[in-house]
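Subject: Structure handover

Hello,

Here is the structure for you to pick up. My notes on it follow below.

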Amino acid sequence: MSVRQSLLAILDQGACYGYQLRHEFDRRTGSTWPLNVGQIYNTLERLERDGLVERGEADEQGHVYWQITDAGSAEVAEWLSSPVVRAQATRDELAIKLAVAATLPGVDVSAVIQAQRHASLQQLQTLQRAKYAGGDAEGPEELAWALVIDSMIFAAEAEVRWLDHTEQRLALHPRHTMGLALETERPKRGRPAKVDAGLGRVEQS
């Protein structure tokens, strides 16, 4: 969703063509999440379908300029003024891996955690050593890059802290009490119960 809204926000500054949009997105995100042109044009077509942008005529070089509509500008204003709400039930690959590993008989979860901590610390050190490769070290593009890198550093630090916490928590449980054998009773058909991660409630579908 952030790509869609970001491209709209750039178009709110003026009409752009596809490659120009990619360049402007890179400038504003420190080239951390590069977009391919195909993704940009797919997004533009969906925005056009939704009445948020309009395509203009091609110029002498064949560039087709896209411009935002009033509805698109209103959506940009709404996006910028609204907080980002993170989904409560977002699947995190690492959390799922450790949760499953902790319940598999015979698996050394400490070794799994140690391998992940080593990789996470390497990633953190790489981010901390990163240097801006652009021209103006005090300009807005450097600031955009620094904001993204800072976010990644904080996320990596939080992951390492969570791994430490997980290791300490698992140490409180004897290994023989953690293993889950396959159930012999066949599960009933139907959708599984939904867990409200925020309130801890279980809701039946």
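Start with Ser 6. Setting aside neighbours within four places in sequence, Ser 6 is in contact with Phe 25 and Trp 79. Bear in mind throughout that this is a predicted model.

Ser 6 sits in helix H1, which covers residues 2-11. Is Ser 6 buried or exposed? Its relative accessible area is 17%. The cut-off for buried is under 20%, so Ser 6 counts as buried.

Now the overall layout. The protein chain has seven helices and four strands. From the N terminus on, the order is α-α-α-β-β-α-α-α-α-β-β. The chain has 205 residues, and 26% of them count as buried. Take the contacts between residues at least 6 apart in sequence: 54% of these join residues at least 24 apart.

Next, a helix pair. Helix H2 spans residues 18-29 and helix H3 spans residues 37-49. Two packed helices are described by the angle between their axes and the distance between the axes. For H2 and H3 the angle is about 105°, and the axes are 9 Å apart. Angles of 65 to 115 degrees count as roughly perpendicular, so H2 is roughly perpendicular to H3.

Which residues make the contact of H2 with H3? From H2 come Gly 18, Tyr 19, Leu 21 and Arg 22. From H3 come Val 37, Ile 40, Tyr 41 and Leu 44. Six of the residues in this contact are nonpolar, one is polar and one is charged.

H2 also holds Thr 29. Thr 29 has a relative accessibility of 11%, so it counts as buried. Its side chain reaches the backbone oxygen of Phe 25 at 2.8 Å.

What does Thr 29 touch beyond residues up to four places away in sequence? The partners are Ala 144 and Val 148. Thr 29 and Leu 147 are 118 residues apart in sequence, yet their C-alpha atoms are 8.4 Å apart in space.

On to the strands. E1 (residues 53-58) and E2 (residues 64-68) pair in the antiparallel sense. Four bridges link E1 and E2. Arg 55 stands opposite Trp 66 in E2. E1 and E2 form a hairpin, with five residues between them. Gly 62 lies in the turn and has a positive phi of about 90°.

Last, Leu 127. This residue is in helix H6, residues 109-129. Leu 127 has a relative accessible area of 8% and is buried. Where are its contacts, leaving aside neighbours within four places in sequence? They are with Ile 149, Met 152, Ile 153 and Ala 156. In the C-alpha trace, Leu 127 and Asp 150 are 8.5 Å apart. In sequence, 23 residues separate Leu 127 from Asp 150.

Best wishes

How values were computed
Residues are numbered from 1 along each chain as its sequence is written. This is a predicted model: local features need pLDDT of at least 70, side-chain atom pairs count only at pLDDT 80 or more; totals for chains, interfaces and linings use all residues. Side-chain values use heavy atoms; hydrogens and water are left out. Axes are lines fitted to C-alpha atoms, for helices over the stretch in contact, and angles run from 0 to 180 degrees between N-to-C directions. Helices (H or I, at least four residues) and strands (E, at least two) are DSSP runs, numbered from the N terminus. Angles under 35 degrees count as roughly parallel, over 145 as roughly antiparallel, 65 to 115 as roughly perpendicular and the rest as oblique. Contact means heavy atoms within 4.5 Å. Ala, Val, Leu, Ile, Met, Phe, Trp, Tyr, Cys and Pro count as nonpolar, Asp, Glu, Lys and Arg as charged, and the others, Gly among them, as polar. Buried means under 20% relative accessible area, exposed over 50%, partly exposed in between (1.4 Å probe, protein chains only). Two strands pair if DSSP finds at least two bridges between them. A polar contact is a pair of N or O atoms within 3.5 Å; within protein, one must be able to donate a hydrogen and the other to accept it, and residues adjacent in sequence count only if both atoms are side-chain atoms.
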